Amino acid sequence: MFKELCAKSFPKSLWVYHCNVGACNGCDIEVIDVLTPYYDAERFGIKLVASPRHADVLLVCGPVTRQVVPALKRLYEAVPDPKLVIAIGSCAVGGGIWFDSYNIVGGADTIIPVDYYIPGCPPRPEAILHGVAVALGLAEKEIESVHLKQLPDRPESVPVEVE
Amino acid sequence: MIASKLKEAILSLRPGRVTLKYPFEPHPPEGDFRGYPEVDLDKCIGCGGCAAVCPARLIMIQDIDQNTRRMVRLLERCIFCGRCAEVCPEDAITMTKRFELSSDQGRKDMESEYLIFMATCKRCTRCYEPPSALDKVMEPGFRHDEIKRGGQNSPYEPVKTK
């Protein structure tokens, strides 16, 4: 239902606001790379804006540090409804290698609701474009969880049913 | 002045179209790109070497019964360093070129679980264990009985959606 609502409310171009909540700048550089003429995310109407009040989409890079938590909450509330949040990079998706650090709260979804996840360290520009295409419905997602089991009397492993 | 502008326009027209047609046409990575680490479970012996070296500590090895060992990987925080593939004695883990890992399901899609059959001793029907309790302690500490997710114990309240 939320997806239908998004499809209805974002028929034209998406304006994105890019925020770094503690990233090492790797993902930020890839995001800028996606906006260059070679990868050209502006084909899909993606436009970087300078203020969260103009934005439809929040791009979050990096693990959420303790100090940035109130700022991130304010930022999320500053984006007008309806809004989307895309977490870019392993840090924003699950906390990265700093997931249990003393000054890291975790991934972006521990503080704000995230709609699309793009793992990678950093994700290739193509991977970010693929994430954008998945969000816009131009491509299918290609990843799913794996559950496999070895059996003693058979050489090949079999998938496990998960409820 | 107009001539110089015209010259500039002609110069910028020369390279033609440079934009990749990426989402509509595949564009595989070149060189030693490391993507999704895939496990060939038929080769895995359950030694736990990958769990011992993983810098993000996202692999858990756990014995769930006499002859089953469970390996859980939370690849949401994988940094694709390739250490697991490097140390694997059976070359069961390979770094593939898959990079299209984005999803809307969150962390669920990046999770994988493997159940490994462990052969037991014919006499005592137990898996092999180090000879003494002290040796067991001296073993590298890969047997985490729990695996934490990032932000699991976060003291902060998340933002509520309407």
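**A tour from strand S5 of chain B**

A residue is buried if 20 or more other C-beta atoms, placed from the backbone, lie within 10 Å of its own. Strands (E, at least two residues) and helices (H or I, at least four) are DSSP runs, numbered from the N terminus.

This is a predicted model, in which local features need pLDDT of at least 70 and side-chain atom pairs count only at pLDDT 80 or more, while totals for chains, interfaces and linings use all residues. Residues are numbered from 1 along each chain as its sequence is written, and chains are lettered from A and ligands numbered from 1 in the order in which they are written.

Then select strand S8 (residues 146-149) of chain A, which pairs with S5(B) in the parallel sense over 4 bridges. B:Ser112 is the bridge partner of A:Val146.

Move to helix H2 (residues 26-34) of chain A, whose buried residues are A:Cys27, A:Glu30, A:Val31 and A:Val34. They lie on the same side of H2(A) because they cover an arc of only 105° around the axis, taken from the directions from the helix axis to the C-beta atoms.

Finally, the model scores ipTM 0.79 and pTM 0.82.

Definitions and conventions. Two strands pair if DSSP finds at least two bridges between them. A residue is buried if 20 or more other C-beta atoms lie within 10 Å of its own, exposed if 12 or fewer, and partly exposed in between; C-beta atoms are placed from the backbone.
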